[in-house]
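Me: Hi! Could you walk me through this model while I have it open?

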Amino acid sequence: MSGRTWNSAVRHYAPAAERNRGPILEVLRRLVPDGARVLEVASGTGQHAAFFAAGLPATRWQPSEGDPSALASIAAWAESEGASNVCAPVVVDAASPDWPVGVFDVVYCSNLIHIAPWACTLGLLRGAQRHLSPGGLLVLYGPFRVDGRHTSESNVAFDRGLRAQDPRWGVRDLREVEEIAAERELSFREKVAMPANNLVVVFERGGDGAA
Ligand SMILES: C[S@@+](CC[C@H](N)C(=O)[O-])C[C@H]1O[C@@H](n2cnc3c(N)ncnc32)[C@H](O)[C@@H]1O
C-alpha cells in the first residue's frame, strides 16, 4: 500500500486509513445493523478493522487479506485497540473462486479494486454473491469514475499514476461495476460522496442469498 510506514514492530500504519476512517464509520453506522456479521476484504494494515469494529460493537468483524504477511499487523491492531468483536484475520484472495469463510450480512472492501487487476473486481463481486445472506450488503469505498468521467482533476492524475505503475490497475467506472454486479444478483442501492473525491457504493444481495 502506498504511504505505508511503521509505528511498531508489528502494526503497519497507513496515513490514508487514519484520515478516512471517521467519515467511513459514519456511513457504516447507518448501513450496518446490530448483530451483523461483516467480512472485510483486503484489510491492509488492520487499522480499519480495529476502528470500525470498536465503533460498531454489536457486529462481528472478520478481517481478511490477500497478502498473508499482513495478518500479523491486522491482529495486532485489533488487540491494541481492544476490539473484542474482531475475529482472527484470514487469507482471502478476492480474485479467487474459493474464499475460506462462511456467510455474512455485509462484505466491506475499501481501496482495492483500483489497485488490482479487473479480475479482482470480478472475483470480489462473485465472492459477495456466494457469501452474502439474502438482503446482505456489499459496501465498497474508493475512487470511481461516474458515467465514464473522473469526478476530479486529482483523480485523473491518480488514475494516470496507477496505470503507470501497473497497466492492469486504474480507477474503475461505476457503471461497469454496476453491470457486473447486476449479473451477480447484487443491485445497486446507493452511492455516498466522501471526502477527497471518494465514494461509498452500496449493493444489495437479491435472490436466495448465500447457501
Ligand atoms: C490500498 S490497500 C487498502 C487497505 C485497506 N482496505 C484500506 O483501505 O486502508 C490494498 C490492499 O489490498 C490487498 N490486496 C491486493 N490484491 C488483493 C486480492 N486479490 N485479494 C485480497 N486483498 C488484496 C493488498 O495486500 C493491500 O493490503
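Here is a short chat about the fold, the helix packing and the ligand shell.

Reply: Happy to! This is a predicted model, where local features need pLDDT of at least 70, side-chain atom pairs count only at pLDDT 80 or more, and totals for chains, interfaces and linings use all residues. Residues are numbered from 1 along each chain as its sequence is written.

Me: Great. How many helices and strands does the protein chain have?

Reply: The protein chain has six helices and eleven strands. Helices (H or I, at least four residues) and strands (E, at least two) are DSSP runs, numbered from the N terminus.

Me: And is the chain compact or extended?

Reply: Its radius of gyration is 16 Å, close to the 17 Å that the globule rule gives for 211 residues, so the chain is as compact as a globular protein of that length. That radius is taken over C-alpha atoms, and the rule is 2.2 Å times the number of residues to the power 0.38.

Me: Now the helices. How do α2 and α3 cross?

Reply: The axes of α2 (residues 47–55) and α3 (residues 71–80) come within 7 Å and cross at roughly 30 degrees. Axes are lines fitted to C-alpha atoms, for helices over the stretch in contact, with angles from 0 to 180 degrees between N-to-C directions. The two helices are therefore roughly parallel to each other (angles under 35 degrees count as such).

Me: Which residues meet there?

Reply: Gln47, Ala49 and Ala50 in α2 meet Ile74, Trp77 and Ala78 in α3, with C-beta atoms, placed from the backbone, within 7 Å. By class, that contact has five nonpolar, one polar and no charged residues. Ala, Val, Leu, Ile, Met, Phe, Trp, Tyr, Cys and Pro count as nonpolar, Asp, Glu, Lys and Arg as charged, and the others, Gly among them, as polar.

Me: Switching topic: which residues come nearest to the ligand?

Reply: Of the 22 residues around the ligand, Ala42, Gly44, Gly66, Ala94 and Asn111 come nearest. A residue counts as near if its C-beta atom, placed from the backbone, lies within 6 Å.

Me: What classes make up that shell?

Reply: The shell around the ligand has 13 nonpolar, six polar and three charged residues.

How values were computed. Angles under 35 degrees count as roughly parallel, over 145 as roughly antiparallel, 65 to 115 as roughly perpendicular and the rest as oblique. Two residues are in contact if their C-beta atoms, placed from the backbone, lie within 7 Å.
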